[in-house]
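Have a look at the model first, then we'll walk through some helices, strands and loops.

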Amino acid sequence: NQHLNKTAENKKTRHCDGFKIFLTLLSFSYVAKALAGIFMKISSTQIERRFEISSSLAGLIDGSFEIGNLFVIVFVSYFGSKLHRPKLIGIGCFLMGTGSILMALPHFFMGYYRYSKETNIDPSENSTSNLPNCLINQMLSLNRTPPEIIERGCVKESGSHMWIYVFMGNMLRGIGETPVVPLGISYIDDFAKEGHSSLYLGTVNAMGMTGLVFAFMLGSLFAKMYVDIGYVDLSTIRITPKDSRWVGAWWLGFLVSGIVSIISSIPFFFLPLNPNKPQKERKVSLFLHVLKTNDKRNQIANLTNRRKYITKNVTGFFQSLKSILTNPLYVIFVIFTLLHMSSYIASLTYIIKMAEQQYGWSASKTNFLLGVLALPAVAIGMFSGGYIIKKFKLSLVGLAKLAFCSATVHLLSQVLYFFLICESKSVAGLTLTYDGNSPVRSHVDVPLSYCNSECNCDESQWEPVCGNNGITYLSPCLAGCKSSSGNKEPIVFYNCSCVEVIGLQNKNYSAHLGECPRDDACTRKSYVYFVIQVLDAFLCAVGLTSYSVLAIRIVQPELKALAIGFHSMIMRSLGGILVPIYFGALIDTMCMKWSTNSCGARGACRIYNSTYLGRAFFGLKVALIFPVLVLLTVFIFVVKKKFHGKDTKVSENERQVMDEANLEFLNDSEHFVPSAEEQ
């Protein structure tokens with residue numbers, strides 16, 4: 001008896017140790033996954049500028065992750081449970097890391113970043129000379145990229161189509177991330193002690209949350225670093241992180257996340273298929289299995305039975321799919337969750353660009369605030385939502401009402417944002433005439449003024465200066481400036497004739513390098529905006545927790561896996577892929593000044609009409625959210641009618657499913673599509 005007890009105790013210890021090792025490794029892989037995902041979102045604007053592409057194309061690159069995921073999600077879901085799950089997760093982590101490193105590679109092959117492609121400046125000129133012809137832009141070395149990093153040739157200068165490597169790397173990252181979540185969850189569910197799976201999944205997701213926080217903090221740090229840090233003399237760089245041409249060290253984030261992902265993949269290849277069996281037992285089982293399959297009759301019979309089984313499964317799969325697609329409640333659920341999640345995807349993708357264009361925030365500042373304020377608010381909201389559902393044992397109607405409250409809060413927050421939109425900056429040549437006296441109807445082809453018409457300026461140039469009248473000018477030349485302080489900082493330009501036209505009483509008609517900052521009123525609006533953003537994130541996270549339970553309560557129990565999988569596929573294809581593209585295309589239409597290379601090709605946008613941009617962006621989000629309220633109202637009505645007098649309380653199993661809801665649902669990062677066998 002003592003021997004048997006000792007043997008059982010040893011087996012239990014082996015199982016416990018093997019399972020805990022898997023749990024630790026899976027937590028580490030969740031951290032790596034979170035790093036790569038957030039780096040992609042917060043680096044979108046940097047990638048747009050570095051590769052001189054539009055916001056819509058940057059949105060397509062962002063959506064390539066979902067494209068890669070859709071390629072293999074069915075294969076992984078069907079065969080994953082039948083193969084060696086730890087090894088598949090290891091392969092996935094390795095592919096994630098390889099994809100992230102591939103995304104960073106263009107940085108090492110493109111050459112140095114030129115932030116003044118539009119300008120040709122001769123560094124040999126004396127920058128302190130007074131020139132009556134206003135050609136200050138042709139003799140200031142301080143306004144251009146240092147001469148040692150000047151590229152030759154149009155194609156080489158523009159970086160050609162190197163963004164394709166980022167696209168392919170992000171797609172490969174999507175392929176690699178596919179097996180991590182579904183196979184990790186199923187492995188925990190199969191081998192965890194009864195009733196403990198929710199605790200373990202909560203632990204793994206909590207580790208993933210720490211990865212998100214680290215990603216935002218590192219993203220904030222990398223955004224402060226110049227893209228070519230370590231390669232150029234930073235003292236010669238005359239732009240700051242608030243400049244619309246600034247590109248941070250976007251590649252460092254992908255390099256870090258790639259290395260972490262590859263390191264996390266290695267231990268998975270040494271884990272057993274089943275932690276309950278020691279190695280010797282697994283070898284014996286494999287040997288017996290080989291002996292059995294040597295019988296040809298058994299092989300033929302197994303093959304025949306397998307064909308029948310596959311045919312039955314395929315038929316059952318399509319019957320199950322038809323069943324959920326003819327379920328009115330499920331169809332309504334898919335539509336309103338798609339619209340609701342599309343609004344959040346747009347916010348996450350373009351919040352940095354909106355904060356920059358509306359309030360003049362740098363990417364570094366926005367990343368920091370998101371990491372320390374908004375993200376914890378979302379996490380607390382998710383846990384609060386779960387507590388409310390458990391505490392009050394909400395029925396289907398109660399869950400739908402909670403979702404309705406979430407959508408209502410989100411809609412109201414978008415309406416409030418309209419009152420927090422700042423007026424577009426006063427920019428001579430875009431929103432004002434060059435003399436600054438009157439506004440213009442259109443920013444296209446604004447005629448020169450008498451203050452700079454004889455200066456022979458390049459109107460495509462973007463070297464913004466701020467006059468002491470509070471107006472931004474496209475370049476020192478277009479401001480009519482005739483001299484400068486040279487290389488001394490802060491860099492000031494003097495005798496600016498277009499600034500003089502305003503009629504300042506003093507004779508100091510000067511301008512300093514860079515765009516004019518936002519006024520105090522706009523700065524106050526920015527703080528209110530972010531407070532509402534945090535409250536909106538918290539309250540909406542409370543309501544969105546109910547979606548994970550609704551998805552399985554409105555279909556038959558045997559169809560819940562298929563229902564969740566199909567819902568995830570729709571969120572990815574119509575949400576994760578399309579939303580960044582059509583929101584990016586909308587943002588592009590609000591651009592007032594595009595960069596150009598030496599070939600004259602259009603690059604990234606330098607400045608937007610912030611008033612129109614805010615109205616269009618928040619207006620489209622309102623257009624997405626308002627139908628959600630209508631559909632939720634219909635949904636509640638149909639639920640009351642269909643389940644009138646029936647018990648629609650959340651069961652114990654469904655509460656466990658709700659416990660497993662996490663931020664990946666908010667970010668549309670579910671990775672589970674069921675196999676036909678599971679139906």
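Predicted model: local features only at pLDDT ≥ 70, side-chain atom pairs only at ≥ 80, totals over all residues.

Residues are numbered from 1 along each chain as its sequence is written, and side-chain values use heavy atoms, with hydrogens and water left out.

**Helices around H20**

Two packed helices are described by the angle between their axes and the distance between the axes. Here are two such pairs.

| Pair | Angle | Axis distance |
|---|---|---|
| H19 (residues 560–588) and H20 (residues 610–642) | about 150° | 9 Å |
| H13 (residues 328–359) and H20 | about 160° | 9 Å |

H19 and H20 are therefore roughly antiparallel to each other, a label used for angles over 145 degrees. On the H19 side, Tyr-582, Phe-583, Leu-586 and Ile-587 do the touching, and they meet Leu-613, Ala-616, Phe-617, Leu-620, Lys-621 and Leu-624 of H20 (contact means heavy atoms within 4.5 Å). Sorted by class, that makes nine nonpolar residues, no polar ones and one charged.

H13 and H20 also come out roughly antiparallel to each other, but their crossing is left-handed. Their contact takes in 22 nonpolar, nine polar and two charged residues.

**A pair of strands**

Now for strands E7 (residues 591–596) and E8: they run antiparallel and are joined by four bridges (strands pair if DSSP finds at least two bridges between them). Across the pair, Lys-593 faces Ile-607 of E8. How much of strand E8 (residues 602–608) is buried? Six of its seven residues are, so E8 is largely enclosed by the rest of the structure; buried means under 20% relative accessible area, exposed over 50%, and partly exposed in between, with a 1.4 Å probe and protein chains only.

**Two asparagines in loops**

Most residues other than glycine have a negative phi. Asn-456 has a positive one, near 55°. You'll find Asn-456 in the loop between strands E1 (427–428) and E2 (465–467), and it counts as exposed at 62% relative accessibility.

Asn-495 has a positive phi too, near 55°. Asn-495 sits in the loop between strand E5 (492–494) and helix H16 (497–500), and with 44% relative accessibility it counts as partly exposed.

Definitions and conventions
Axes fitted to C-alpha atoms, helices over the stretch in contact; angles between N-to-C directions. Parallel < 35°, antiparallel > 145°, perpendicular 65-115°, else oblique. Nonpolar A, V, L, I, M, F, W, Y, C, P; charged D, E, K, R; others polar. Left-handed = near helix turned anticlockwise from the far one by under 90°.
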